[in-house]
Amino acid sequence: MSREVLKQKIEFIKGVGPQKASLLNSEVGVYNLNDMLHYFPFRYEDRSKIKKLSDVNENSVEGVYLVTVTAKSTSGKFKFKSLKIKVKDPTGYAELVWMKGIEWVEDKIIIGKKYLIFGKPKIYRNKISFFHPETNEQNKVSLGIKPVYPTTEKLKRGFVNNRFFNKIIDLILVKTKSHIEETLSEKIIKKEKLISRSEAIQNIHLPKNEEMIRQSKKRLKFEELFFLQLQILQLKNKRLSAFPGYVFKKSKLLNTFYKKHLPFNLTEAQKKVIKECYEDMCSGKQMNRLVQGDVGSGKTIVAFMCMLFAIEDRSQIAFMAPTEVLAGQHFKSIKKQAEKLNVSVAVLTGSTKKKDRDVLLEKLMKGEINILIGTHALIEKRVQFKKLGLVIIDEQHKFGVAQRAKLWSKKEKYYPHILVMTATPIPRTLALTLYGDLDVSVIDELPSGRKKIITSHRNDNSRLKVFGFINKTINEGGQVYVVYPLIEGSEKKDHKDLMDGFESLKRYFPNTQIGVLHGRMKPENKDYEMKRFAEGKSKILVSTTVIEVGVDVPNASVIIIESAERFGLSQLHQLRGRVGRGEKQSYCILMTKYNLSQESKERVKAMVSSSDGFEIANIDLRLRGPGNMMGTKQSGLLELRFVNLAEDYDLIKKTRSVALSIIENDPKLIHLENKNISYHLNKSIKSNINWSRIS
Ligand code: ADP
Ligand code: MG
């Protein structure tokens, strides 16, 4: 019964009608009463106190005044007609002014009567005036806190304005109040000291007082996060029970490598992460682990050592990188280690020649290749493994969700373990929501001997000095990156800037080998330039962000980032990570224009003051919001209405633990006490996290 009421079409509410209903449908997706109840105000006006005219000053915000009308006059004609009404309260005088909609007001306002007006007072030459104030007869309105709803131009033109929302929602609340269903269990509500769902919805629209707004928001936030976490944990449970993984045994190969061939001592953090992965791979369940490690923390060797478990088991490994340059580099460094153990490694990218590819695919199917490294060419259908045991994805955020989905749905005969590596530290709050169904490992330590990168901020005035610094670096045997932005929408100009920069460096350093690298070049030319730089043949590499991820040239100790204000914070941090990989003191110079927006300033400041990827990620999240940050915006994956992921960490933790205890005690949600939860989860929530099982 009650659900029927909530499903009633909005059209039949008094004052709505078919036209407004169709506007509400198309503009804000509101169809029925339930939708309308979930159309929330974005702010509140405090009308709980009547203010005095004598208190008005330049800084006065909008407020309610109780005034008596003393005089009325109109002037001008037609379009230029205006209405002026003189009013007073016991403390002072004011004038109310209308230039539009005069016919609606003029006759209704009667001299000598009292009215409650609401508006923002202005002071001009010591006189107070209100422009188009809301005007109500004293006995016809209730004072209180009034919600303000989001509207659009189109809505307003159709008279679906704030007044409309207030009126309609009041009506709907009366009708539906007793039908708003609880979604949480009695137990949770009590334990977490929450108000009921019905109370929360009522008070979001018709708040009794400030405190009730706070309580309502708390309740709605809790609910939003709780159900998100519940879904994530259910997925995780499902994965664990549905996808048994290979059981890899202790690896002799690993021991041999560890004892005889390891090129350096592992950091404690690297050891810890390898152990965590190993435990997953022995557990009989599919591993689904995210390894986070700041740039330069040494993820590649961790990946390689994890591979050894699989190889011992005669399983093959797919190792995916986001770019050809990076795939090539991984191939080189993995091969160097693998050769010592007689393990066969191959690389497959979009530019692998057909003949080579055919041979390679043949070998792969026969199981003659142990490790296949590549770009997303690895996802193609024709790439068939004999026994794919482990998939490693490097710099995971560069892969679109859909691309990862493909890999997953290839439906191998076996379930490969999945290891995702990312150098963009994800703030813990996001990790728990975005990757909540993955297990997370963190390499929170850099190899010893690394010096801190010194970051500074310069603008064009100091360009000569910067050139001098480049000169000095090269004379001392170092190498320098110069990076230009290449941003969608302004490619042409950006490309020109890059080439201009390249030319001017060539003029300034006529005797220095300078390379250039950008997306328009053929892959083989890119590789050539990259190689030349990696081998120290070119001293300066002018480049777009193609070098952003993973590229490893330890001899390069200076990176100059041009138009740094145009890069995102995480990207800047990634770029900076290209230096500081060797023994030398490294420098990152952020070149910007002179006038910076507030946000750009904050980004630059964060870069100069911090080198901690996690701290930077948190600032980035605060500045940009989670959608932009994770590239999930387009996919609309994380549309949280109440929660601010940058701020609500405690609540995320809390709801996760509440959800966890429910999942542990009642995984299928069949206990009577969880019936609200189960009903809500199954019936009303559109699943928005199919993606999370993908990686
Ligand atoms: P990232 O985590 O950014 O992918 P890499 O795996 O490319 O980092 O490693 C960065 C550099 O540090 C490489 O040159 C690598 O050989 C080196 N490296 C990795 N681990 C260690 C270690 N434990 N001690 C010394 N150098 C290391
Ligand atoms: Mg890397």
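Entry 1. I started with Phe319 and looked up its bridge partner in β14, which is Ile373. Bear in mind that this is a predicted model. The two strands involved are β12, residues 316-320, and β14, residues 371-374, and they pair in the parallel sense over four bridges.

Entry 2. Next I traced the sheet that holds this pair. Seven strands make up an open sheet, with parallel pairing and the order β13-β14-β12-β15-β16-β11-β17. I then asked myself which strands stand at the edges. They are β13 (345-348) and β17 (439-443); each has a single partner strand, so one side of each is left without a neighbour in the sheet. On average, neighbouring strands here are turned by 20 degrees against each other, direction ignored.

Entry 3. I also checked what packs on this sheet, and found helix α14, residues 354-366. The helix touches β12, β13 and β14, and its direction makes about 130 degrees with that of β13.

Entry 4. On to another sheet. I noted an open sheet of six strands, again with parallel pairing, in the order β18-β23-β22-β19-β21-β20. Its edge strands are β18 (454-459) and β20 (514-517), each of which pairs on one side only.

Entry 5. I followed β18 to its partner. Six bridges join β18 to β23 (residues 587-592), and the two run parallel. For Asn459, the bridge partner in β23 is Thr592. Helix α20, residues 569-576, packs on this sheet and touches β18, β19 (479-483), β22 (556-561) and β23. I put its direction at about 150 degrees to that of β22.

Entry 6. Last, the ligand. How many residues surround ligand 1? I have 16 on my list, and the closest are Asn265, Gly296, Lys299, Thr300 and Arg450. By class, the shell has four nonpolar, seven polar and five charged residues.

Entry 7. I went through some polar atoms of ligand 1. One of its nitrogen atoms is 2.8 Å from a polar backbone atom of Asn265. An oxygen atom of the ligand lies 2.7 Å from an N or O atom in the side chain of Lys299. For Ser297 I noted a polar backbone atom 3.5 Å from an oxygen atom of ligand 1. As for cover, the ligand has 560 Å² of accessible area on its own, and the protein covers 83% of that.

Note on methods:
Residues numbered from 1 in each chain as written. Chains lettered and ligands numbered in written order. Predicted model: local features only at pLDDT ≥ 70, side-chain atom pairs only at ≥ 80, totals over all residues. Heavy atoms only, no water. Near = heavy atom within 4 Å. Polar contact = N/O pair within 3.5 Å; in protein donor to acceptor, adjacent residues only side chain to side chain. Areas by Shrake-Rupley, 256 points an atom, 1.4 Å probe, with all protein chains shown as cover. Nonpolar A, V, L, I, M, F, W, Y, C, P; charged D, E, K, R; others polar. Pairing = 2+ DSSP bridges. Contact = heavy atoms within 4.5 Å. Axes fitted to C-alpha atoms, helices over the stretch in contact; angles between N-to-C directions.
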